[in-house]
Amino acid sequence: MAIHIDMSERDPTFLNSESTDIAADLAAIQPRLYGFILKRLADREQTLEVLQRTNLVICEKADEFSQGSSFVAWAFTIAKFQVMAWRKSYQRERLVFTDAVSELLDRSPEAEAAAVDRRIPSLRRCIERLRTADQELVKRRYRDGEQIQHVAKILGKSVDVISMRLMRIRRQLADCVAVSLKTSDGNLGDAS
């Protein structure tokens with residue numbers, strides 16, 4: 001038995017035109033729901049289980065969906081609550097993300113892209129401030145993708161020495177970028 005919903009203001013992500021079948025709408029967003037859940041659980045089998053539970057709840061609550069609202073937003077809200085319920089019931093097992101970590105993951109793609117766009121110029125400036133030898137090490141390892149063992153052999157150092165040096169450089173760069181972003185945020189606030 002198919003449940004039909006007539007929506008005059010349709011969400012642009014729908015594939016059907018005038019009236020729609022919940023099953024068709026649900027099928028159309030399966031890849032997005034799967035990705036949404038996978039991002040929060042980081043395990044394919046658990047994701048499939050939560051996706052199945054989410055689909056079941058959506059079908060059970062189909063009559064609660066209000067016409068004119070976004071089916072996608074409604075379905076993702078249900079998925080979010082199913083992930084939270086899963087986490088609560090399976091916390092004692094392996095590593096499970098907390099709700100706080102999930103909130104960090106919930107940043108929009110636009111917000112994430114903006115954050116990355118702001119960090120790249122800062123990172124470049126911070127790399128330029130490194131000693132020449134450290135710049136070369138960063139280029140070999142991260143730009144050129146050379147293995148640590150190979151770099152250690154070329155430089156005549158042990159793998160442990162190179163690994164520790166890279167760890168210190170990464171920490172130095174992370175601190176430099178953080179300071180740079182705080183400074184630029186302060187300047188933006190003063191300019192407005």
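In the predicted model, Arg 140 and Glu 146 form a salt bridge whose closest N and O atoms are 3.1 Å apart, a salt bridge being a side-chain nitrogen of Lys or Arg within 4 Å of a carboxyl oxygen of Asp or Glu. Arg 140 is partly exposed, with a relative accessible area of 23%, whereas Glu 146 counts as buried at 18% (buried means under 20% relative accessible area, exposed over 50%, and partly exposed in between, with a 1.4 Å probe and protein chains only). The model is predicted, and local features need pLDDT of at least 70, side-chain atom pairs count only at pLDDT 80 or more, and totals for chains, interfaces and linings use all residues. Residues are numbered from 1 along each chain as its sequence is written, and side-chain values use heavy atoms, with hydrogens and water left out.

By the salt-bridge rule, the count comes to five. Asp 144 is bridged to Arg 143, with 2.9 Å between the closest N and O atoms; Asp 144 is partly exposed at 44% relative accessibility, and Arg 143 is exposed at 61%. A further salt bridge links Glu 49 with Arg 53 at a closest N to O distance of 2.5 Å. Glu 49 and Arg 53 are four residues apart in helix 3 (residues 44-60), and are therefore separated by about one helical turn; helices are DSSP runs (H or I, at least four residues), numbered from the N terminus. Glu 49 is partly exposed, with a relative accessibility of 30%, and Arg 53 is likewise partly exposed, at 30%. Arg 131, Asp 134 and Arg 165 are linked in a network of salt bridges.

Arg 143 also belongs to the lining of the largest pocket, together with Leu 123, Ile 127, Gln 135, Val 138, Lys 139, Tyr 142, Arg 170 and Leu 173. A pocket is an open set of points on a 1 Å grid over the protein atoms alone, where a 1.4 Å probe fits, with protein on both sides within 12 Å along at least five of seven lines; lining residues have an atom within 4 Å of a point. The volume of the largest pocket is about 170 Å³, taken as the space filled by probe spheres set on the points. Helix 6, helix 7 (132-143) and helix 9 each supply at least two lining residues, and the largest share, five residues, comes from helix 7.

The structure holds one disulfide, which joins Cys 126 to Cys 176 with an S to S distance of 2.0 Å (a disulfide is a pair of cysteine sulfur atoms within 2.5 Å). Cys 126 lies in helix 6 (residues 109-129) and Cys 176 in helix 9 (residues 159-191), so the pair ties together parts that are 50 residues apart in sequence. The torsion about the S-S bond of Cys 126 and Cys 176 is about -85°, and the disulfide is therefore left-handed. Both Cys 126 and Cys 176 are buried.

Four aromatic pairs are present, defined by rings of Phe, Tyr and Trp (its six-membered ring) with centres within 6.5 Å; planes under 30 degrees apart count as stacked, over 60 as edge-to-face and the rest as tilted. Among them, Phe 65 and Phe 71 are edge-to-face, at 5.6 Å centre to centre and 80° between the planes. The ring centres of Phe 71 and Trp 74 are 5.8 Å apart with planes at 45°, so that pair is tilted. Phe 65, Phe 71 and Trp 74 form one aromatic cluster.
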